[in-house]
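Reader: Hi! Could you walk me through some helix packing in this one?
Author: Happy to, let's open it up.

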Amino acid sequence: MTTENRRINKSYYQTILDKSKQGHPVSILGDMYMEEMQKQWPDLSSIRYAQGEIYYQNNDYEAAIFKWQQPLEEELIPWAQKNIADAHVELGLLEEAEGLYLQVDSPSLVLKSEVLMQLFSLYVQQGNQRKAVSTIKEAVSLNPDYSRVTEIAQTYFEDIGEWDHAVELAVNETIRTKTSYWMGVLSGYVQQGLTVGYRPDYFNDLLVHILAMDRDRFEDMTEVLWNSYRQSPYYIEWLRVINQLLLEAHEELPYIWRKLPALYQEAYFDLINGDYLIREISDLIQQHLTNWLDITAESDALASSAAILAWDKTIPSMLDEQLVSKAEYQFETTTPQQHDSKDGMILFEAIKAWAKKEGLLHDLTEVTDPILRNSDMEAASPSSIREVLKVSIEFLLEQRVELEKGIEEEIEWNEALLASLQNIHQQLGDMEQETAEHMTESFRTMKNNLSKRVMTELPKQLQKSASIIQDDSDFSKINEELNEEMNRRIVVFMNNFVHHDVKQAVQQWINECKREFQENQAACNEFSQTVNQQYNEEKIDLQADFKVLEDWQRDLERISRGMLRFEKMNIFMRNTPSQLFLKGAGKLFSSISKNNEMLHSRYKNYIENEDYTPTAKEIIDPFMQQLELFEGSIEWDVNRFFANPVDVVNQETEKVEADIESHTADLQKMHDKPEAYRDPLTLFEVRRRQYELTNTISKV
């Protein structure tokens, strides 16, 4: 064990104990201390340091701190400072311990590493993740070979989910140690999807080092990264990185690769499946095909050489001449596969899917069915499959102009439909406004007429109460009798008014509204028919909400019934001057028979000429207030009647506008990027030629 390790373990004292003495180390070191003190120039530094270790191990931390604070030789001072910090940790004084650790200054790499590890442990105890991460990373960077520092860092990063730091550690340690352990750790991270957000060039140096170290491991790591990037937005970027790396390592490549050829073939078909424009992958295709041919054994080079020759036949001069010549040579030395309809079927299905997306599947089927004679592709002959593929691609190339024309016609049709819908929307709005205004005005007229009838007829009925006054009437009680008569007449009048006048007026208004709503619905039906004729199908049904009429009928009946519920009124007992006079006169003169004629005349004249308008107003006002509230809601209810037709038209308008926008964008794309249509067909042609070459349907 080295001296530094003994200082770390606080067992340095064992190196200075007098082996000739027996007893406890505390006692032995005490004796050694006293003996040293007898010297003229005593050197107590090592003894004091050792005593501090003994006290520390026996949990006497304050005594240990005291010893380590005494004068020591220069080499021991930073170790003593670190030990004092350790003692503060044991005492639970973590903040003080942190400050003491940070004060340690030593050229010793071991001591620096140990201080950082102690600080890391302290920060973990405190729950200070930011400082813990920073400290353990510093420890790894300072001295990655220090005892278990990288393993501790790995475990900590994984425990707290700091995957970026964990990945960085694994990458750096793989490069540094060249061990399978760290490569396995990194491979696990990649397979868990923890690196999918990394730009592929992040792993370039790693792969270069692994390639130089072990090709089997290089292939394994490349496969893991390849599969992780395949479904990510960085797939193309990954292919550029790996292809450039292999091109630069060209001289080192001769090797029987186990996995790369299959990965290259899979990626090649990913590149030409129609998801990318040719200009986006043209430079990559050159590199990819070059590497694919280089890493493939000559005996297995049929697919790669056929791919190169297919590209060269479809887009001449795109590929390097030397590459094409090499491919021609290797193609001639390979054994073509027996006719395999599977590749032809896969290509035909891809062509059909693309045609369907472009709105041409039906047209394509009409072209290909006669060739197949309604037979199954699996049973078709090689020449039939070749013909179907060739005719399909040629037909779709010709459809470019027809497709553009079809989109333009679709836009024109949608614009005509949009104009109709917008016109219908305008007419619905006008109908709604006119209907609401007309129904509100007719209701207001009805309400005013009913009010006018009450205000006109009810006072007359009350004046007719004078008919009960006779010459022989008991004028001392006539006021009460008149009041009763007037209330009776009010009840009779209001019953007749509600059951006849109000009911008739309300029903007439409801019927008028119903007729008007029916006229509106007829107009909506015509609107529906107009749109459906344009669609050539029953697309919309502008059905209004007639439940509004039921709600109106119910509400007006409820209001009408409320008119029959009122309290008995004090009409002739209000103590007006005239009434007080008549009442007093009645009591005074009722006992004198000759005065009855005079009272009869006065009472009759008063009642027949009294103004009962206030009484009528008091009766009719609550009713009028409810009718006015109803009047105010008519516009809202008419809006509810038209709500569904308006909503349907609005929804259909939004759909048509979206269709116009989509078709316009498609048309603009066809004008701005004609390659968006042309390139997928060119790539289908590449695949067709490759299919023919690999199945000996055609010659080079």
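Reader: Are α5 and α7 roughly parallel or antiparallel to each other, and why?
Author: Keep in mind that this is a predicted model. Helix α5 (residues 77-90) and helix α7 (residues 109-126) pack at an angle of about 15°, and angles under 35 degrees count as roughly parallel, so α5 and α7 are roughly parallel. Their axes lie 11 Å apart.

Reader: Nice. Which residues in α5 and α7 meet?
Author: From α5 you have P78, W79, K82, D86 and V89, and they meet V110, L111, E114, V115, Q118, L122 and Q125 of α7. By class, that contact has seven nonpolar, two polar and three charged residues.

Reader: And what hand is the crossing of α5 and α7?
Author: The α5 and α7 crossing is left-handed.

Reader: OK, on to α6. At what angle do α5 and α6 pack?
Author: About 165°, with the axes of α5 and α6 8 Å apart; helix α6 covers residues 94-103. That angle makes α5 roughly antiparallel to α6. The crossing here is left-handed.

Reader: Which residues meet there, in α5 and α6?
Author: On the α5 side, Q81, K82, I84, A85, D86, H88 and V89; on the α6 side, L94, E96, A97, L100, Y101 and Q103. They divide into seven nonpolar, three polar and three charged.

Methods. Residues are numbered from 1 along each chain as its sequence is written. This is a predicted model: local features need pLDDT of at least 70, side-chain atom pairs count only at pLDDT 80 or more; totals for chains, interfaces and linings use all residues. Side-chain values use heavy atoms; hydrogens and water are left out. Axes are lines fitted to C-alpha atoms, for helices over the stretch in contact, and angles run from 0 to 180 degrees between N-to-C directions. Helices (H or I, at least four residues) and strands (E, at least two) are DSSP runs, numbered from the N terminus. Angles under 35 degrees count as roughly parallel, over 145 as roughly antiparallel, 65 to 115 as roughly perpendicular and the rest as oblique. A crossing is left-handed if the near helix is turned anticlockwise from the far one by less than a right angle, and right-handed if clockwise. Contact means heavy atoms within 4.5 Å. Ala, Val, Leu, Ile, Met, Phe, Trp, Tyr, Cys and Pro count as nonpolar, Asp, Glu, Lys and Arg as charged, and the others, Gly among them, as polar.
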